[in-house]
Amino acid sequence: MANKELRKLNRKELLQMLLVQCEETERMQKETEKVNAAMAAMEESYERLKEKLNVKDARLNEKDAKIAELQRTIEDMKMMREIEIAEAGSIAEASLRLNGIFEAAQRCADQYLENVRKLCEREKQAALENGWQQAPRRRANLSSVRREFSSSSRSVRTGTDETIVRMQKDIKDPSAYMGDIHE
């Protein structure tokens, strides 16, 4: 309202207008207080939510770090598995190579044993042949020794006979000492 209109109004009207204005101000003040209280409650709620979000963000950050760590572990395990698979191939190949080496060594050992057997057979055969060939010579030697013994004088033989008899009694298997003479 303009100043002129206010001057035209009487006191009663001015008071009423002032009263309406005061009521309006009080109503506005109460409304402002309600809005301020609601705003304070909202700010408080906002702060609580902010704290909860910070806690959740911290947990999410921890979980993100744990996920990243687990992913690194998975990658390490994948790399180790790939290495194991690659080494498994290498180990299998090495095993095959070792098998070849062992087979060759076994063949060599078998060949060596066969050669030893053949050599033993040959030596045994040679010993048998020599034994049969030398048997007549041994028999001849034995008979010549007997002839010489029988032709020697009795006095010399007596001491010798006793010694031979005594030695034969002491020896349990005289053929072991006499060799193959009795063949």
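Helices here are DSSP runs of H or I with at least four residues, numbered from the N terminus. The model is predicted: local features need pLDDT of at least 70, side-chain atom pairs count only at pLDDT 80 or more, and totals for chains, interfaces and linings use all residues. Numbering runs from 1 along each chain as its sequence is written, and side-chain values use heavy atoms, without hydrogens and water.

Start with helix H2, residues 11–151.

Select Glu24, Arg27 and Glu31. Salt bridges link them in a network; such a bridge puts a side-chain nitrogen of Lys or Arg within 4 Å of a carboxyl oxygen of Asp or Glu. Arginine 27 reaches glutamate 24 with closest N and O atoms 2.3 Å apart. Its N to O distance to glutamate 31 is 3.3 Å. Glutamate 24 is three residues from arginine 27 in helix H2, so about one helical turn separates them. Arginine 27 is partly exposed at 41% relative accessibility (buried is under 20%, exposed over 50%, partly exposed in between; 1.4 Å probe, protein chains only).

Next, pick arginine 117 and glutamate 114. Their side chains form a salt bridge at 3.5 Å, N to O. Both residues lie in helix H2, three residues apart. The whole structure holds three salt bridges.

Now select Arg48, Lys52, Lys56, Arg59 and Lys63. They gather in a surface patch of positive charge. Patch residues have over 30% relative accessible area and no salt bridge; like charges are joined within 9 Å, nonpolar side chains (Val, Leu, Ile, Met, Phe, Trp, Tyr) within 5 Å. Lys and Arg count as positive, Asp and Glu as negative; His and the chain ends are not counted. Charges are placed at NZ of Lys, CZ of Arg, CG of Asp or CD of Glu. Lysine 52 is exposed at 56%.

Finish at phenylalanine 102, also exposed, at 54%.

How values were computed: Accessible areas come from the Shrake-Rupley method with a 1.4 Å probe; for residues, only the protein chains shown count as cover. Helices (H or I, at least four residues) and strands (E, at least two) are DSSP runs, numbered from the N terminus.
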